[in-house]
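Please look over the sequence and the structure shown below before reading on. The report that follows is meant for a reader who is new to them.

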Amino acid sequence: MCGIVGLASLSPGATGAFIDRALEAIAHRGPNDSGVYSSPSTGVVLGNRRLSIIDLSAAGHMPMGNEDGSVWVTYNGEIYNAPALRAELESRGHVFASRADTEVLVHGFEEWGDGLPGRLNGMFAFAAWNERMGTLLVARDHLGIKPLYYRQDGDTLVFASEAKSLYPDGLAGRALNVAALPKYLTYLWTPAPETLIEGVLKLRPGHLIEWRDGVTSIREYWDLELHPDNDLSSTEHIEALRTALHDSVRRQLRSDVPVGLLLSGGLDSTGLLALAAKERSEPVDCFTIAFRAEDAVLEQCPDEHLYARRAAAHYGARYHETIVAPDVADLLPKLLWHMDEPLADPAAINTYLISEAARELVTVLLTGQGADELFGGYRLHQILHVADRHPWLGGPVAGPVLRGIGGASAWAGGKVPGLSKGLGLGVQRVLDDIVAAGAADPRERAAGLRTYYDAAGIDALLSADAQAQVVESLSARQYEYFEKVASLDAVSQASYLDTKLFLPELNLAYCDKMSMAASIESRVPYLDLAVVSVAAAMPSDLKVHGRTRKYALRQALAPDLPEWVLARRKAGFGAPIRQWLKTDLAEMLGDLLSEETIRRRGVFQPEAVTRMIRENRSGEADHAFRLWALLTLEIWQRSVLEGDRHP
């Protein structure tokens, strides 16, 4: 729910107009209410746009203060353990005037100060101001479910749910942070605290900012600690997970507005549907989208909506399916304006279209985000599991053999009945990744399998001027995180890196921005801290068990799921960009990434971009995601940095 903005300065100047404009820029995050608090003694201003979820009355208005006006809070999110915290605070003498979880933050800050974030189980970005002590606390949730951007200028701190609220005139005219480009191109997103906007930073998950007397300090209050508990049996681990999942879904269904579900028909979303159906007396509203058959020809699971339809029928849910052929060329500038920074995953399109369709019926959507990262659900986890046990697969003898099999499999995808072209390409990518993982430096394996360029590839793409602006190693952030789990097995290392980098910077980022663009709150039951705690104590062989990924999760959900769901292989939640780049977007690609445009920007080498377009078009190589990243970047620069803003 909601969007927040704030400013703290010893020399505030005309902050009123700034906060009003900042709130207007994120009106989509909170269409129900708006409010501003200004400190009478210093230059602290807090703003809020409210999407009403709990306590729809005026008592939930934000920013919210305590009885004497000495503590104020602006807040975005949901605190799932708010009832328990409220009872504890009431036992300590605090008096509540509303049912809103915001008030738990108000009195919690009074009681626990900067210890408050560590006590919360939920998704949040909030700012709490103590007028008496002159202290401002800004915090982001443990796993980065909710975004928080900030900038510093001398003694001034400005923060907001979206980067477009950080400047009086929006992001128009802001400079591209060329130094961070290699990371964006490599991962399709930019690791925090950097962004591609010069001067704009992201607060890392599990971190907080304290501002006092013009001095800003940042520290970590929580980290994911993987501690496999081998004293528990497999049955005990699985039963603990089952209990935690039931409790999480029960907590996250709590709402004063309608709650629905984003359904794919796979294990994660169908598992949530099964648990939600047990908690609800009314049918659950489920939403999915499907793309035209001709668009999905190169995808590994072109008929995913059929599984969603079957799952909804199995649980008696109300099923809402939209078959779309979006005018993606017109849609992309709008979505990138909402995204704030380039994020080159086409799944963002799906999330927006589903959220837009769902908005007429519900205000909250449950999603399956986080299950893959915590429980070993990605192909990457299985590849690392194999490579960890059989390092010879990356050697000089086995490597070429596996790559040859991969090429044959991709060819067979177009020849063998029942084997789609997309699946054939997928087989080739799996075998190539096994070889790469077996040969890689351990520090590079987990993050390396999520990359789209190596250092040499980046050098071949960037212009000399751009290369001169790169000052930090491409792998600096992943190495920093890797050192904390270097002693663990490869699957655990990948799970940690995924949870710290891939999950908040990609999946959770687009999930929040695209759902809030449609004024929908997305909730993630698999990232309830009780579920995370169970996953952290689970040995990796309960995550990847032989050829089975997410083994423990499958076992925990097995009593509630039909066999056809449990046996179904994982399918990605993507849009058909491979086909779009050859059809709907072919002209746009040639125009926006022409040699003339690339040369004018001065960031990339025109010949390198032209070669990728040519090879992708002919089928000589699969550069779809690399080209999508370049196209996304160009559209973002035009629609956001150059002021062609979505109204």
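What follows is a report on aromatic rings, charges over rings and backbone geometry.

This is a predicted model, in which local features need pLDDT of at least 70 and side-chain atom pairs count only at pLDDT 80 or more, while totals for chains, interfaces and linings use all residues. Residues are numbered from 1 along each chain as its sequence is written, and side-chain values use heavy atoms, with hydrogens and water left out.

**Aromatic pairs**

A pair of aromatic rings is described by the distance of the centres and the angle of the planes. Rings of Phe, Tyr and Trp (for Trp, its six-membered ring) pair if their centres lie within 6.5 Å, and planes under 30 degrees apart count as stacked, over 60 as edge-to-face and the rest as tilted. By this rule there are six aromatic pairs. Among them, Phe-124 and Phe-126 form a tilted pair, because their ring centres are 5.7 Å apart and their planes stand at 45°. Phe-124 and Phe-126 are both buried, where buried means under 20% relative accessible area, exposed over 50%, and partly exposed in between (1.4 Å probe, protein chains only). Tyr-187 and Trp-189 make a stacked pair, with 4.9 Å from centre to centre and 20° between the planes. Tyr-187 counts as buried because its relative accessible area is 8%, and Trp-189 is likewise buried, with a value of 4%.

**Charges over rings**

A charge sits over a ring if NZ of Lys or CZ of Arg is within 6 Å of the ring centre and within 35 degrees of the ring normal. The table gives two such arrangements.

| Charged residue | Ring | Distance to ring centre |
|---|---|---|
| Lys-164 | Trp-337 | 4.6 Å |
| Arg-310 | Trp-564 | 4.1 Å |

**Backbone geometry**

Most residues other than glycine have a negative phi, and most peptide bonds are trans. The bond from Met-62 to Pro-63, however, is cis, with omega near -5°, and Pro-63 lies in the loop between strand S3 (43-50) and strand S4 (64-65); helices (H or I, at least four residues) and strands (E, at least two) are DSSP runs, numbered from the N terminus. The bond from Ala-192 to Pro-193 is also cis, with omega near 10°, and Pro-193 is found in the loop between helix H5 (181-187) and strand S10 (201-202).

Asp-340, although not a glycine, has a positive phi of about 75°. Asp-340 is placed in the loop between helix H9 (328-339) and helix H10 (347-358), and it counts as buried because its relative accessibility is 1%.
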